[in-house]
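Please read the following alongside the sequence and the coordinates.

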Amino acid sequence: MKCRKCGDRASIELRRHNAAFCVTDFQEFFRKQVREAIRKHRMFTEDESVLVAVSGGKDSLALWDVLIDEGYRTTGLYLDLGIFDYSVESKAKCEAFAAARGVPLLVSSVAEEVGAPVPVIKQVTRRPPCSGCGLSKRYLMNRVALEHGFPVVATGHNLDDEAATLFGSVMHWQTDALPRQSPALASTHPKLVRRVKPLYRLSERETAAYAFFRKIDYIVDECPFAKGATSIAHKEILNQMEEASPGAKHNFLFGFLEKGRAAFERIEHVELHECVRCGQVTTGTVCAFCKLADHVKRASAEGAPTA
Amino acid sequence: MKVVLRNPRREVEVAGGRRVKDVLAELKIIPESVLVIRGDELVTADQVVRDDDVLELRPVMSGGGHP
């Protein structure tokens, strides 16, 4: 197999593009896709400081690496979820990455902010761990960005993540979730920062290959709570479709973004308020994060473990 | 030929002298779901692997709770 650009031996085949690339030309292809995502959705400008949410995994560290290389002013944000050795190792990967590249890294701890780490939140709420975890991450990303004056948060969501989320929303016809699925969510309130996903044009195999070629030391092991997660099952189904028909994931997601999303956008109308407790944005009176923290506090008062 | 799998980490022995895509098919692994690593390089599905090669099949799927 030969590189489509230079004709040398290819190191990676991209069936959905009917192409193969050598190491150098693949990295250029990758950067071009990120540039196109940022340009097309006006994610941020060179004058803006970007807060990059990093988990220690391949996607977020690949994203941070590209943005640094492209000359953007970035700061990393690591959210410590307190998930046993997994969090210890993933935090160390982020710290090593930041130190090697000389870029700043902020750390926020879910245990300190909510009152308990994710494994305890799971026990207390008796809900899937990804639920309390995702809620805490979205809340803390926005709050930390506001506190430090960042106008935008970039996350490492890739094409597979986005296609799997869309698949889940369509399976249940969650018409309230569909208009919110976008590579760039504008700020709709003074206390909501822009959220962008510059890797949405790249599959997770492509981000893994980029991280490998760039020798990024990322955490390969999966979060211990991800096993059995619905999003994983949806990704496996989509990968089977991709195997039978290369480009299926791309067509599913991009078709929705280009042709379907607008139809759902028209029917969405949400009124935003400020949480009476913490001042962050919510659709109710008290935000879901404060309710979660209350729940943890009550359980702790009743004797449940919170450490 | 030795093949190293992850999550959980384990090793299996399979026959070499054939293409990577045939090894993946035997192990029932979809090419889209892994990087195929030999030493410090990636190998494409059409490349032939030898009996004394060691391949790592590194899963690329992340999941559960992205931010």
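A contact here means heavy atoms within 4.5 Å. By that criterion, residues 24 or more positions apart account for 52% of the contacts in chain B with a separation of 6 or more. The model is predicted, so local features need pLDDT of at least 70 and side-chain atom pairs count only at pLDDT 80 or more, while totals for chains, interfaces and linings use all residues. Residues are numbered from 1 along each chain as its sequence is written, chains are lettered from A and ligands numbered from 1 in the order in which they are written, and side-chain values use heavy atoms, with hydrogens and water left out.

Chain B has 67 residues, of which 51% count as buried; buried means under 20% relative accessible area, exposed over 50%, and partly exposed in between, with a 1.4 Å probe and protein chains only. Along the principal axes, the C-alpha atoms of chain B fill a box of roughly 45 × 25 × 20 Å. The accessible surface of chain B is about 3200 Å², and carbon and sulfur atoms hold 49% of that area. Such areas come from the Shrake-Rupley method with a 1.4 Å probe; for residues, only the protein chains shown count as cover.

Chain B contains one helix and seven strands, in the order β-β-β-α-β-β-β-β from the N terminus. Helices (H or I, at least four residues) and strands (E, at least two) are DSSP runs, numbered from the N terminus. Two strands pair if DSSP finds at least two bridges between them. Strand β1(B), residues 2-5, pairs with β2(B), residues 10-13, in the antiparallel sense over four bridges. The two form a hairpin with four residues between them, and B:Asn7 in the turn has a positive phi of about 55°. β1(B) is also joined by four bridges to β7(B), residues 54-59, and these two strands run parallel. B:Lys2 takes part in both pairings: it stands opposite B:Glu13 in β2(B), and its bridge partner in β7(B) is B:Val54.

Chain A holds an open sheet of six strands with mixed pairing, in the order β5-β4-β3-β6-β8-β7. Because β5(A) (105-109) and β7(A) (184-185) stand at the edges with a single partner strand each, one side of each is left without a neighbour in the sheet. The partner of β5(A) considered here is β4(A), residues 73-80, paired in the parallel sense over five bridges. Within that pairing, A:Asp80 has A:Ser109 as its bridge partner. Helix α3(A) packs on the sheet, touching β3, β4 and β5 of chain A, and its direction makes about 165° with that of β4(A). Helix α6(A), residues 129-147, also packs on the sheet, touching β3, β4, β5, β6 and β8 of chain A, at about 140° to β4(A). Axes are lines fitted to C-alpha atoms, for helices over the stretch in contact, and angles run from 0 to 180 degrees between N-to-C directions.

Over all chains, the whole structure has 12 aromatic pairs. Rings of Phe, Tyr and Trp (its six-membered ring) pair if their centres lie within 6.5 Å; planes under 30 degrees apart count as stacked, over 60 as edge-to-face and the rest as tilted. A:Trp64 and A:Phe97 are stacked, at 5.1 Å centre to centre and 25° between the planes. This pair links α2(A) to α3(A), with its residues 33 apart, and both A:Trp64 and A:Phe97 are buried.
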